[in-house]
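We'll go from stop to stop, picking residues as we go.

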Amino acid sequence: MGTVHLAKGSLLPPKDPNKLRLYSMKFCPFVQRARLVLLAKNLDHDIVNVHLQNKPDWIWSLHPEEKVPVLDTGSKIIPESLNICDYLEETYPNPPLYPKDETLKLKDQAIIRNFGDLHIKVFYSILFNRQGLSTGELIQKAVPVLEFYENELLKRGSDFFNGSEPGMVDYMIWPWVERIPIIPNAIELYEALRFERFERLRKWFGLMMEHSVVKKTILPAERHRAFGFQLMAGNNIDYDNI
Ligand SMILES: N[C@@H](CCC(=O)N[C@@H](CS)C(=O)NCC(=O)O)C(=O)O
């Protein structure tokens, strides 16, 4: 995916005016959101990877906090994953990733915001487990979140949150679900969570793993894990060789 991660001193590569450009980092879950939407809509784009530990000077002109993802449309520079995905949805409405009904669309947007504000934090608190919680205590943290999505699928009565194909909710939460296997005690967690009650979520996970769009962005758990180790160790991250 894309080029090597460009570091300080590297020049901004020339841009094809007819192509969208995504500024990226290979292991970033927020970037993955934007990639999923670009791929779902079959939009021609190029990818410029950025070395986030030794950032090139031009990153500042793209994002006020010097983060990725950023989308360059040719006429606009759009920072932040949700801004990018909503821009793509408005500008390239096919296939639609939100329900047509405005009330249902607002509900999906609320779910996505809540995922970002709360559930991502639960994910990282389980992943890093800085409080040294037991597997049982970690499960207590995970269950209400999983129940929320299980019940939502049940109420919607569909395989995906968006119906028979993934939509914005599916794509916006997927990158963190893909990273669940890197939780150190993921296997014990899976064992303990093998209840009937997450039947729909388990089916959703299997269908997402096999979906043609999602498959193009999936990285093996070993690579996510290797990235996580380098990040935690505070070493120079070898973005291009993980
Ligand atoms: N709220 C942002 C979060 C993006 C973000 O945190 N990106 C990370 C990489 S995964 C980043 O660029 N970090 C660089 C930094 O914090 O200096 C979004 O939704 O796009």
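A polar contact here is a pair of N or O atoms within 3.5 Å; within protein, one must be able to donate a hydrogen and the other to accept it, and residues adjacent in sequence count only if both atoms are side-chain atoms. Before you click, note that this is a predicted model, where local features need pLDDT of at least 70, side-chain atom pairs count only at pLDDT 80 or more, and totals for chains, interfaces and linings use all residues. Residues are numbered from 1 along each chain as its sequence is written, and side-chain values use heavy atoms, with hydrogens and water left out.

**Stop 1: the ligand**

Select the ligand, then show Cys28, Phe30, Leu52, Lys55, Lys67, Val68, Pro69, Glu80 and Ser81, which surround it (each has a heavy atom within 4 Å of it). Now zoom in on Lys55: a polar atom of its side chain sits 2.5 Å from a ligand oxygen. Ser81 also reaches a ligand oxygen, with a side-chain N or O atom at 2.7 Å. Glu80 goes to a nitrogen of the ligand instead, and there a polar side-chain atom is 2.8 Å away. On its own the ligand exposes 520 Å², and the protein buries 73% of that (accessible areas by the Shrake-Rupley method with a 1.4 Å probe).

**Stop 2**

Most residues other than glycine have a negative phi, and most peptide bonds are trans. You'll find Glu80 in the loop between β4 (77–79) and α2 (helices, H or I, have at least four residues and strands, E, at least two; both are DSSP runs numbered from the N terminus).

Next, pick Val68 and Pro69: the peptide bond joining them is cis, with omega at about 5 degrees. Pro69 belongs to the loop between β2 (45–49) and β3 (70–72). For another cis bond, jump to Asn94 and Pro95, where omega is about -10 degrees. Pro95 is in the loop between α2 and α3.

**Stop 3: the largest pocket**

Select Pro29, Phe30, Tyr124, Phe227 and Leu231, which lie nearest the centre of the largest pocket, out of 45 lining residues. A pocket is an open set of points on a 1 Å grid over the protein atoms alone where a 1.4 Å probe fits, with protein on both sides within 12 Å along at least five of seven lines; lining residues have an atom within 4 Å of a point. The space inside comes to about 1100 Å³, a volume being the space filled by probe spheres set on the points. Colour α3 (102–128) to see the largest share of this lining, nine residues.

**Stop 4: the second largest pocket**

This pocket has a volume of about 650 Å³. Select Leu146, Val177, Ile180, Leu193 and Leu201, the closest to its centre among 24 lining residues. Elements giving two or more residues here include α4 (135–156) and α5 (168–178). Again α3 supplies the largest share of the lining, with five residues.
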